[in-house]
Amino acid sequence: MTAPVATFRIIIGALALLWVAVSSHPVAAQQPTAVDPTANSVNEQQLLQQFKRIQGRGSIPDTKSYTIEQPAGRDWRHFHEVTLRWIGAIAILGVLGLLVIFYLLRGMVRIESGRSGQTILRFNAAERFVHWMTATCFIILALSGLNITFGKPLLLPLMSPEAFTAWSEWAKYAHNYLSFPFTLGVILIFFTWIAGNIPNRVDVEWFRRGGGMIGHDHPPAYRFNGGQKLIYWIVVLGGSAIAVSGYLLMFPFYGTDIQTMQNAEMAHGVIAMLFIAAMLGHIYIGTIGMEGAFEAMGEGTVDINWAKEHHELWLEHDARARSNQLRTQPAATPGE
Ligand code: HEM
């Protein structure tokens, strides 16, 4: 009789143990208030819901570093890893696609009356230096910035982790240090060309006629047409906004809290994507989009016929200024 009793006791004991094992886990999960943050089995999500932030203890003076996760941080991570990538891909690839279609349909805008062989100065050496310094910094800032947004999904699978780390480190140094000449360039651009970039009624007419990009129209313009003024203000305002948000990121927590830092990074990223998209349009017109445009910033001069077709009012104004100068000069230089 003792053997069946012993077997019965073992079965009852095993069932009791099983019940304790099965029932104890769900009870803890259903009662988040009973979370023991130091328990090994507690998961991150549970802690975040319970405490709104996951915080540890530390011994360094920077108490911010004790916070490991906080709810807005997750929103920011989603923005950085998903939303910003979509904004960037749509803006940059969208503009690239439109430019390719436009080029295939319209081709290069030619100098319709052909080249005259006579040239006129459009940008002096100082102006060209400011333009190319800012443009070079912009391209490197754009590539090194895009690496922060897209490098991990696009480049890391193509290279070793060590190579990606080394490239990203150099890209980050470039991004930090070239921000200074870029900012200087934006300030110099503002002062150098502000006089020719105040919007006026001629620009309204220029936009109404599509800038002469379609068909054989040549809407008149002074030194800068409506499209160029738009680019100027995108550079000045976009450049200022990207610099301010960038310096907030580069010098973290100087007068900013975590929320402001996150907003600055989101603003910086979105402005960057739109800025890059806009500059693609500018680079297109300055290179393959329009005959004779590159020389203006390359050599500094343009063909008289190019000037007549695209900046008629500037050419007239320039010619008037020259003849006035000549009229006042002969008496002063009789020997010439
Ligand atoms: C004064 C100029 C600028 C400064 C001070 C600056 C600074 C910074 C800093 C500190 C970061 C954060 C880097 C990190 O998370 O480790 C950043 C990110 C970034 N920057 Fe700039 N930057 C400037 C100009 C530009 C320009 C001109 C562009 C593009 C045209 C650009 C594009 C980006 C992009 C795409 C990111 C990554 C955003 C993200 O994925 O969250 N930046 N910048």
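The model is a predicted one, in which local features need pLDDT of at least 70 and side-chain atom pairs count only at pLDDT 80 or more, while totals for chains, interfaces and linings use all residues. Residues are numbered from 1 along each chain as its sequence is written, and side-chain values use heavy atoms, with hydrogens and water left out.

**The ligand**

Next, show the ligand together with helix 3 (71–106), helix 4 (125–154), helix 5 (161–193), helix 7 (226–250) and helix 8 (258–289), each of which supplies at least two residues of the shell. Among the 25 residues around the ligand, those that come nearest are His-80, Thr-149, His-175, Glu-265 and His-268.

Now look for polar contacts, meaning pairs of N or O atoms within 3.5 Å; within protein, one atom must be able to donate a hydrogen and the other to accept it, and residues adjacent in sequence count only if both atoms are side-chain atoms. Select Thr-149, where an N or O atom of the side chain is 2.7 Å from an oxygen atom of the ligand. Then move to Glu-265, which has a polar side-chain atom 2.8 Å from an oxygen atom of the ligand, and to His-268, where a polar side-chain atom lies 2.7 Å from a nitrogen atom of the ligand.

**Helix 6**

Just after helix 6, select Gly-210, which takes a positive phi of about 60°.

**Aromatic pairs**

Finally, colour the rings of Phe, Tyr and Trp (its six-membered ring), which pair if their centres lie within 6.5 Å, with planes under 30 degrees apart called stacked, over 60 edge-to-face and the rest tilted. By this rule there are 14 aromatic pairs. One of them is formed by Tyr-103 and Tyr-284, an edge-to-face pair at 6.3 Å centre to centre with 85° between the planes. This pair links distant parts of the chain, since Tyr-103 is in helix 3 and Tyr-284 in helix 8, 181 residues apart.

Notes:
Near = heavy atom within 4 Å. Helix = DSSP H or I, 4+ residues; strand = E, 2+ residues; numbered from the N terminus.
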